[in-house]
Amino acid sequence: MTSAAPATEDLFAHARQIADAVLLEGYVLYPYRASAAKNRMRWQFGVLVPPRWPGAAAEHTLQRTECLLEPRGNPALHAQVRFLHARRRTVQRALPDGTYETVEALELPDRVVRPWDEGVTEQVDLTTGIADLTGDGVRLPFALPAHEESEPLYDGGCLVGRQLRRREHVAGELHLRATELDGPCRLLRLTATVRNTGDWDGDGTADRAAALPYSLLSAHLLLGTTSGAFLSLTDPPEWASGAAADCRNAHTWPVLAGADGTARTVLSSPIILEDHPRIAPESPGVLYDATEIDEILALRTAALTDQEKREARGTDDRAAAVIDLADSMPPEVLERLHGAVRALREVTGDGPPPPPDRAAAAPPDPFDGDTGGAPWWDPAADAAVDPVRDRVLVDGTPVGAGSRVALRPGPRRTDAQDLFLHGRTAVVEAVLHDVDGGVHLAVTVDGDPGADIRREQGRFLYFQPDELTPLAAVEDG
């Protein structure tokens, strides 16, 4: 496809890190083998199918992004459509007579090669002036021709087979337009539509797997302006809240994605993200599950058998890279993945804390006496609190360990599991205090067959006082 101009590359450099995670989300899942059931249902996000395909009603043929831009002067707008183009791989064994036969697997010394749909990254770029987007706007059609290639496979210098790779013809269109909105400041609503315009009709089949090579896979859009700022649709300024509410997005969601919190770039993704998403700096590489569970994925991958690793390496070059990453990861890198509290970075910074000067800047000690090496506040070392004997007033009734209560989790709780317990009765096991002065009641639910185990392990359900009603008050009422 067309290559991006240097200015566009700089504008999207930060956002592309997140875009790549979106592009390859779920591309090949642990255990990274083509034979795994979870890897047989591919391409779950941002699939744009040909409109004439009989199964198009069950998928999508377009994505529409609407967002708000507060321009300065007549800036240039950069747009970049990115997607994967399926490249279908067939495996064949070489026969003595010089011909080939298609097989389900071909064993090689270092890998097991199987049929697979590889994803080739494609990119379409458009740069235009904001003034050119009024009226019908600007349309950029694009097309990728069909292509086939062959790669021989050798074992010890002897030809044993080949891989046939074929890409089908894919066609699409990017349509950009801008509408001036009334308001106290100059404001534009940008509408960007990415659609599949291919004429493949499925030859009478509605089989999804047959349609994927003709589709735009994991499609997403990057927008950037040379001057001005995009407005957040999640948290717009008050003066633009009505305009933000009127934006209509179909099968995608735009978020601010500029470096260091700037607002010159938007990522419109088929996966809902927050404004200014970031890749965790601890992540050692791409594991195709974003960065939430890198530690367990790395450990499990390293624990695969040699045969399983051979099959993963033969599945895809990206899967092979994951295997190599897990096998070569130093312990200190793996340790960074364990127990990282990302929400504290703004407070503590990224580097190690300086050595404490206890004499000059010790934190206020809420109790007198030696903690015996415990943290600066530890309920076990604080004589002022006792989880077993403490009581807290709930609706005028003292409640503590042994009290029976009814559970009334309120709407401020977002955990659905807590809401399922509404109306259930429970026994209070402890009254706990946190360093911010909050009170939490640990309970075991009546009828829970695992209540004894919870007590032995100290693993309870926790509610705040206003989420409980003393059972005596319920019975008296």
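**Strands, helices and a cavity**

Analyst: Strand β18 (residues 404–407) and strand β19 (residues 425–433) pair in the antiparallel sense over 3 bridges. This is a predicted model: local features need pLDDT of at least 70, side-chain atom pairs need 80 or more, and totals for chains, interfaces and linings use all residues. Residues are numbered from 1 along each chain as its sequence is written, and side-chain values use heavy atoms, without hydrogens and water.

User: What makes β18 and β19 a pair?

Analyst: Strands pair if DSSP finds at least two bridges between them. β18 and β19 have 3 bridges, so they count as a pair. In β19, valine 427 is the bridge partner of arginine 404.

User: Why are α5 and α6 called oblique to each other?

Analyst: The axes of α5 (residues 306–315) and α6 (residues 317–328) cross at roughly 140° and come within 6 Å. Angles under 35 degrees count as roughly parallel, over 145 as roughly antiparallel, 65 to 115 as roughly perpendicular, and the rest as oblique. Therefore α5 and α6 are oblique.

User: Which residues of α5 make the contact with α6?

Analyst: Lys309, Ala312 and Arg313 do, where contact means heavy atoms within 4.5 Å.

User: What makes a space a cavity?

Analyst: On a 1 Å grid over the protein atoms alone, a cavity is a set of points where a 1.4 Å probe fits but cannot get out. The structure holds 1 cavity of 30 Å³ or more. The largest cavity has a volume of about 40 Å³. Its lining includes Cys67, Pro254 and Asp275, lining residues having an atom within 4 Å of a point.

Conventions:
Axes are lines fitted to C-alpha atoms, for helices over the stretch in contact, and angles run from 0 to 180 degrees between N-to-C directions. Helices (H or I, at least four residues) and strands (E, at least two) are DSSP runs, numbered from the N terminus. On a 1 Å grid over the protein atoms alone, a cavity is a set of points where a 1.4 Å probe fits but cannot get out, and a pocket is an open set with protein on both sides within 12 Å along at least five of seven lines; lining residues have an atom within 4 Å of a point. Grid points are joined across faces, edges and corners, and a volume is the space filled by probe spheres set on the points.
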